[in-house]
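Trainee: I would like to learn how to read a few features of a structure. Can we take them one at a time?

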Amino acid sequence: MARLEIITGPMFSGKSEEVIKRLKKPGYKNKKILVVKPSEDTRTARETFEMITKDKYLASYKNLKTKTIDNYEGLKEAVKASSPEILVIDEAQFLGLWLIDAVKEILESNSENEDFVIIVTGLYKDFLRNPFGPIPELILQTEPDEITILSAVCDKCEKRPAQSTYKIGGSRNLQKEQGDKDIYQARCRICHKLPE
Ligand SMILES: [Zn+2]
């Protein structure tokens, strides 16, 4: 049976680091790996693509490819072109709910392949703690083999674990707003409630 792993948590919780750690599992070095992300994400320094490129150990992986995708067709084409054994879908919150059917279809078509793994990573809630993107529903509809919810360190109290993203700038009305520490922080449950 193909395997589905989900890595989620707020911004700054180390999701990219966790993806990289998983790609370094014994036996993965010679596997065909495809990492996809939506083209609309433009964060730089912390980007998984960027971190993968800079990683010295992953640089020795000859079959690791990265590709940007925007829709179901794009994902299907990318998968068909490189027939990966490990498929990483990064920044899934920026992809539509179509991702749920896409993941189901890819899992189904690889159902006999014991070694096939899909890793989906991204936020599951927005800065108002509302469901964000396909991950919440993906969890319900696909019954993943493993769900990892990471936490950051709260940027306000700087001591408690942070489970949510908080906005200190930008627009209160925009769920998908590009930004880094300039407009976002990680906050714990207590500090997320504090009025500014
Ligand atoms: Zn706090």
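Mentor: Start with contacts, and keep in mind that this model is predicted. Leaving out residues up to four places away in sequence, T48 touches S16, V19, V35, K37 and D90.

Trainee: Where is T48 placed?

Mentor: T48 is in helix 2, which covers residues 48–54.

Trainee: Is T48 buried or exposed?

Mentor: The idea is to count C-beta atoms around the residue; 20 or more others within 10 Å make it buried. T48 has 23 such neighbours inside 10 Å, so T48 counts as buried.

Trainee: What separation do the C-alpha atoms of T48 and F132 have?

Mentor: Those two residues are 84 apart along the chain, and their C-alpha atoms are separated by 19 Å.

Trainee: Which residue does the UniProt annotation "active site" cover?

Mentor: According to the unreviewed UniProt entry, that annotation covers E91. E91 lies in the loop between strand 4 (86–89) and helix 4 (98–109). The cut-off of 20 applies again: E91 is buried because 23 other C-beta atoms lie within 10 Å.

Trainee: At what angle do helix 4 and helix 5 pack?

Mentor: For a pair of helices, look at the angle, the axes and the handedness. Helix 4 and helix 5 (residues 135–142) pack at about 35°, and their axes are 9 Å apart. Their crossing is right-handed.

Trainee: Which residues of helix 4 and helix 5 meet?

Mentor: From helix 4, L99, I100, V103, K104 and L107 meet E137, L138, Q141 and T142 of helix 5. Sorted by class, this contact has five nonpolar, two polar and two charged residues.

Terms used:
Residues numbered from 1 in each chain as written. Predicted model: local features only at pLDDT ≥ 70, side-chain atom pairs only at ≥ 80, totals over all residues. UniProt positions renumbered as here; feature names shortened; annotations may be inferred. Helix = DSSP H or I, 4+ residues; strand = E, 2+ residues; numbered from the N terminus. Buried ≥ 20, exposed ≤ 12 C-beta atoms within 10 Å, placed from the backbone. Axes fitted to C-alpha atoms, helices over the stretch in contact; angles between N-to-C directions. Left-handed = near helix turned anticlockwise from the far one by under 90°. Contact = placed C-beta atoms within 7 Å. Nonpolar A, V, L, I, M, F, W, Y, C, P; charged D, E, K, R; others polar.
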